[in-house]
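Please open the model in a viewer and keep the selection tool at hand.

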Amino acid sequence: MDVKVKEGIIEILKDVTGLDDVGTNADEDLFADGILDSMATVEVLVALQDKFDIQVPVSEFDRSQWSTVNKIADRVGELEE
Amino acid sequence: MHNITPYSSPTYFIYLILLLLPIMIGLYNGKRFRVYETIATVIILITAFFGGNMSQGISLICYILLEMVLVLSYLRYRTKENSKNSFWIFFWAVILAIIPLVFVKLDPLINNATISLFAFMGISYLTFKSVEMIMEIRDGAIKEVKPWEFIRFLLFFPTITSGPIDRFRRFQKDVLKVPSREDYLKLLKSGTNRLMLGFLYKFIIGYVFGTLLLPKVQILAMSYRGQAPLDLSWWVLAYMYVYSMYLFFDFAGYSLFAVGISNFLGVKTPMNFNRPFQSHNIKDFWNRWHMTLSFWFRDFIYMRLMFFMMKKKLIKSRITMANIGYLALFLIMGFWHGETWFYIVYGLFHAGAMITNDAWLRFKKKHRKAIPHNKLTEGFAIFLTFNIVCFSFLIFSGFLNTLWFN
């Protein structure tokens, strides 16, 4: 998988949450651990749209599909195609 | 004859299971008897809506036809080549979809007249489903709906009167396939467990709190009026806890029935409750209490409003934006419950609780090292959340209205 995409995602997550250690474990569940809430999610989605030039309709946002850095990277990959 | 509320008595289940038996035998053998499913649905809807005078049933039919025309027309507009995806067409589609519900909710405010076109049990839950479809059609997530599929989704009888609120695409995945025998056996097992737990919740624990205790505590609380500031005697506190227990066990029991019966039909209707009284804070609580409703509000009101405000850069501060979102969400939820002061105050109270909770979480994040975290603080957090929630249910119950103004 594209390392740059993952780095970009971690960058955004750090920006939004203000936590420096986000993404150390790319399989950490961001919702279960309270790192992301609805508001932060929307910020991440908007930032992803700008950074990767993709469109993520809110309907396509299913928490279980976007819950880890790895999963977000997969979704971004799908939407970029 | 009168209308039979689904799941209202243990006998209902005997007839229901007998009626569903052919469907279950079919699924066990890898077949879905679609015609029989339709017949069973019609029988259950007749007992629920056409038992007394026919007005509920006729309202239901008119309502379904109206929503179907609306959703399918909007779908046609959106799937047309070069569809403009105009905001205003979307806006009016949503308004038209909720107008019948708005009229039903406004009706009690008007004396001796009715503006409700269609009033029937469960109109809220069907409206949530229709609006969900319109929103996902706008996003292009739902691309195809046949009239028959729309009707089957809205009229799925296990959840028709009070949810849980399923989503169209999730529901379709289940009804379009037949589960493998192994999966179906698992569903039968989980469905049976849920029914049993539901019996315990609704017919035993809920009965004790709601039918045996609640009226007594209410009489006592009323008889101590004038003996405490604002009439708030200790019995009001007892009422608060008894009512909260009743509310949970009655509704969670009902929801277990709805999910259990769905499982028998090979449908994995989402759960509504996940140990809400063990929540660590109020945000956690809304992820565990009446989940399909709170997730609906989260996905279709809160997140969309945030998205809109952020894209249009209406407000700079993300904290202010989140707080406006909470106020909007919980006020709408309050108005949805009914047009009385106590439902509105209930909404405002929860918005306030969410805003306070967010502020506390920010403070905690900043001073992470200075704030202790152990079993004791966790226990205190659960205790505090439980009491705040129970207090909100006291407001919600309307008992304060009886206590002060009747």
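Begin by selecting Asp37(A), Lys283(B) and Asp358(B), which a network of salt bridges links together; a salt bridge here is a side-chain nitrogen of Lys or Arg within 4 Å of a carboxyl oxygen of Asp or Glu. The model is a predicted one, in which local features need pLDDT of at least 70 and side-chain atom pairs count only at pLDDT 80 or more, while totals for chains, interfaces and linings use all residues. Residues are numbered from 1 along each chain as its sequence is written, chains are lettered from A and ligands numbered from 1 in the order in which they are written, and side-chain values use heavy atoms, with hydrogens and water left out.

Lys283(B) belongs to helix H10 (residues 282-286) of chain B and Asp358(B) to helix H13 (residues 341-366) of chain B, so the pair ties together parts that are 75 residues apart in sequence. Helices are DSSP runs (H or I, at least four residues), numbered from the N terminus. Lys283(B) has 17% relative accessibility and counts as buried, as does Asp358(B) at 10%; buried means under 20% relative accessible area, exposed over 50%, and partly exposed in between (1.4 Å probe, protein chains only).

Next, select Lys202(B) and Asp250(B), a salt bridge with its closest N and O atoms 3.1 Å apart. Lys202(B) is in helix H8 (residues 181-223) of chain B and Asp250(B) in helix H9 (residues 234-264) of chain B, so this pair ties together parts 48 residues apart in sequence. Both Lys202(B) and Asp250(B) are buried.

Then move to Glu60(A) and Arg169(B), whose closest N and O atoms are 3.9 Å apart in a salt bridge. This pair crosses between chains, from the loop between helix H2 (38-52) and helix H3 (69-80) of chain A to helix H7 (residues 168-175) of chain B. Glu60(A) is partly exposed at 35% relative accessibility, and Arg169(B) is partly exposed at 29%. Over all chains, the structure holds 15 salt bridges.

Finally, select Phe90(B), Met135(B), Phe300(B), Ile301(B) and Arg304(B), the closest to the centre of the second largest pocket among the 37 residues that line it. Helix H4 (87-106), helix H5 (123-138), helix H11 (291-311) and helix H12 (318-337) of chain B each supply at least two lining residues. H4(B) gives the most, with ten residues.

Methods:
1 Å grid on protein atoms, 1.4 Å probe; cavity = no way out; pocket = protein on both sides within 12 Å on 5 of 7 lines; lining within 4 Å.
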